[in-house]
Structures are given as structure tokens and as C-alpha cells.
Amino acid sequence: MKPLCPVLAVLAVLTASAAGAPPLPTLANSDRIRPYATNPRYWQYRGQPVLLLGGSKDDNLFQIPDLRQHLDEMRAAGANYIRNTMSDRPDKGFEVYPFFRRDDGKYDLNQWNPEYWQRFANLLRWTFERDIIVQIEVWDRFDYSTQNWPPHPYNPRNNVNYTYAESGFAEQYPDHAGQNKQPFFFTTPGQRNNTVVLPYQLRFVDEMLRHALPYPNVLYCMDNETSAEPAWGAFWAEHIRAAARAAGVDVFLTEMWDDWNLRGPQHRRTLDRPELYDFADVSQNNHQKGQTHWDNFQWVRDYISPRPRPLNTVKTYGADTGRYGTSRDGLERWWRHLIGGAAAVRFHRPDSGLGFSPEAAASIRAARKLASLCTFWEMAPAQQLLRDREPNEAYVSAKPGAAYALYFPNGGEVALDLRDHGGTFAVRWINVGTGDWGPELELTGGDWRSVKAPGDGHWAAAIVAAK
């Protein structure tokens, strides 16, 4: 095996463009994506607060053949947030592996497949040009189990770099990846210290960083819904942070745990370690429904109050085509997180999510309209301001006396507490189902005031004090 290039040697060429490639970004470090200085529950980018909204048709988005067109469509709808797993499993037939394949069919883990990395470079450049934030997931456990393991380059039978005996790998891993039986996720020094496989994993991550670290629009998540030991994700978080520090740039990191209960012990590994994980991805809350979905998210929001950080939900499950709830569930979850104070919300890809379907695009357009009147980072969830409310009937975020953002999952009528705030409030309805503006009316403050949705279905309202 060739010796592993040290991290510092890799970083020495981070800012150098490949021959003939477009120049890399030159934004100041302070302009990179980071928690908003005034309210660290949200993000800022290019020095300004930013609300991250998204929905896309795939997860390893850099691999899709029509990437540029898809990014343009998302941006036109107001989307500015994508998920990008570094995944390579051949689900749809157009995916490629990162490693060079020799004429004899074997892979050489010491050589790259230029096509894989060119696709990744394109994603980074094109999202940067469109001010789209990329949340990278470094490892996806599903790539290395069940039917995806037999053809994978890391499988010893497919490469020229190590044997089953040397690597500790088996020919098959038939169990669901959530069982965490794959030695691939036990290689770090704090675990089994697999000195055969770990250098290749490090080489892969360093190549990813060589491309990604210069870009200011990238967040890093260690895994997709992992059940791995805490030492696994911590090793990669520390490695990425050290590489960024050596390159003189700031990066912001998280881990995504598998537990569907946000109050469970797995999630404490992120929530209790703000020095290691700068934000939390709480996507697995999207297996919950209704009031429980809201309550569990609010529990996390309260739990991190001593040190507030952004809460992202990069995977909103729910589509009539999938197994994890209906399309109605998907829309409700996305909107409850938005109103509830999430910094970033994205619809999961089909079939388990709405992706960038017409319904998802309409929600993104509707949310942008709402955000044009209600400044979310100046507001906070305020369910105590509602009464005459049935469970899951309505949700509100507010800057009391100035602005209120309401969401009705399926029509309804509630009373809003305006007792301490006189004057006139403009009410602007937004049809979530179409993304269009709805009726306009006025409310007079000074008491509890009835707010009734214009009809059934999903509606949002911006209630703003008249100037």
C-alpha cells in the first residue's frame, strides 16, 4: 500500500485550482455558513441571517445527471438547502464509485475515479453560485450492508489492496445496517484500531475535504441515521475540524442518530457535546406525528437553551408513496418544524418523502412568502398565545406585539392573545397547497381575537402590526 498522504500535505493544496478548473471561492472566513451571531438558533451566510428551506429528488445529489437543471428549479422556488450524502451505491444506475477500476475488474483504493470527484466538484461550484447550502453526510451505513456490500470496492473480493483476513471484513452483511454489525464502522483508534482499512477511509475523507473545505456553503454531518459507537463519529468530527483549522477556515459539524425519540440517550451524544457538534440534526423526529412531533422538537429546543444552536431537519419523511407517513404527514412535519424554530427544513427524497414534488415546491414558495413578512430569528414558538385550540389544530411563532406566524394543518379557528397589544394588525393568508397569497384582512388588538383559516387544508398566516 502506498503511504497515506498526511492531512497537512493535503491541505497545502486546498486552495489550488486544478488545471483549467474555475477558481475556488474567495469569501472571507466570516462570510462562511455559521450560526447567526445575534440568534445562534439560526444560520447566517455571507454575514446575513438566512432561513434554510429545501426539497430535492435524491440524497447523493452530486451523482444525478441533471444536477444543474435541478438546482435551478429549486432556486426558482426559493429553496436554498440540500442534503448530499457521499453515497455511491448503484440504486438508479447512474451512480459511480470513487475508486479506479482496473481492466481486470478490481478496484485500486489508492487511485481515484475522476468522474466521481468531478461530479462532487460540480455540485460544490454550482451550489455556491446559487447560494445553496450543502449539508454533506460523510458516511451512509446503507452503502456497506445487504445487497450493497457484495459489489462495493471496500469489499476485499473487489479490490487489490487487502484480503478478508487482513481487513477483518466478511463476504456478506445481510442484516439491516441499523444492527451495526459491519466492522467498517469500528476502525478508529478508539474502537478496534483497524490499521488496514482506516488509512483508506482517511484518504477518502481527505479527498472530500480537498474539494469541500474551500467552499463556504457547506455543513458537515458525520453519518446518516447512525447506530454506531460514539467514538466513530467523534473521530471523524475531530479529524474534519483539525483539517479545517489547519486550512484556516471554520466548519460546523453534527451527527445524525437513528433513534426516533429525540429524548433518547443517543441524541444526548450530540446535544451534550456542543464543543464537538455545533448543531443538531433532528430528522428522525419526522417519524413522529401530530402534537407529539411538535412536543418532542420543543423539548430539544428547551434542552439546548443554555447553549442555543441551530436545529436542522434535513430529512422530512412523509409521502403517500412511502412507508413513513402520508403526504399530509410530510407537509405537517415540515411546517411544524419551521414554525417551531428549526433553522433548516428539507423534504426527504421520494419514495419516503415529497422531494421536490409540486406539493413540496408550493410549501417552499409559501414559506418564503411568510418569511418576507415574519422574521423568524426575531420570533419564538408561542403556543401559550393560543386558546380554543384542538390538538394539532394550529401552531404559532411570535414576536409579541409585532409579528405572528400561524400554521393550520387543516383549516380551523383559534383565539390569539392580543390583550397587551393595541392598534391594528394586518393579516395576510398564504395557501400552503398552492404557494399563493390568500385573503387579506385586519385585526384590532387589545383582547383575544379569533383567527379562522379561509378553508380546509394547509394554511399559513402572517399577522403583523400596522406601522
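# Exercises on a predicted model

A search of the whole structure finds zero disulfides, a disulfide being a pair of cysteine sulfur atoms within 2.5 Å. This is a predicted model, in which local features need pLDDT of at least 70, side-chain atom pairs count only at pLDDT 80 or more, and totals for chains, interfaces and linings use all residues. Residues are numbered from 1 along each chain as its sequence is written, and side-chain values use heavy atoms, with hydrogens and water left out.

## Exercise 1: packing of H8 and H9

Task: describe how helix H8 packs with helix H9.

Solution. 
- Helices (H or I, at least four residues) and strands (E, at least two) are DSSP runs, numbered from the N terminus.
- Two packed helices are described by the angle between their axes and the distance between the axes.
- H8 covers residues 290–303 and H9 covers residues 327–340; the angle is about 35° and the axes are 10 Å apart. Axes are lines fitted to C-alpha atoms, for helices over the stretch in contact, and angles run from 0 to 180 degrees between N-to-C directions.
- On the H8 side the contact residues include Trp-294, Phe-297 and Arg-301, and on the H9 side they include Arg-333, Arg-336 and Ile-339. Contact means heavy atoms within 4.5 Å.
- By class, the contact of H8 with H9 has three nonpolar, five polar and three charged residues. Ala, Val, Leu, Ile, Met, Phe, Trp, Tyr, Cys and Pro count as nonpolar, Asp, Glu, Lys and Arg as charged, and the others, Gly among them, as polar.

## Exercise 2: a serine in a loop

Task: place Ser-352 in the chain and list its contacts beyond neighbours within four places in sequence.

Solution. 
- Ser-352 lies in the loop between strand S13 (344–347) and helix H10 (358–373).
- With a relative accessible area of 9%, Ser-352 is buried.
- Leaving aside neighbours within four places in sequence, Ser-352 is in contact with Tyr-317, Gly-318, Ala-319, Gly-322 and Tyr-324.

## Exercise 3: strand S17

Task: find the pairing partners of S17 and explain why S17 is described as largely enclosed.

Solution. 
- Two strands pair if DSSP finds at least two bridges between them.
- Strand S16 (residues 395–399) pairs with S17 in the antiparallel sense over five bridges; Val-396 has Leu-406 as its bridge partner in S17.
- S16 and S17 form a hairpin with three residues between them, and Gly-401 in the turn has a positive phi of about 90°.
- S17 also pairs with strand S22 (residues 459–465), in the antiparallel sense over six bridges. The bridge partner of Tyr-407 in S22 is Ala-460.
- Ala-403, Ala-405 and Tyr-407 point one way from S17, while Tyr-404, Leu-406 and Phe-408 point the other way.
- Six of the six residues of S17 (residues 403–408) are buried, so S17 is largely enclosed by the rest of the structure.

Methods
Buried means under 20% relative accessible area, exposed over 50%, partly exposed in between (1.4 Å probe, protein chains only).
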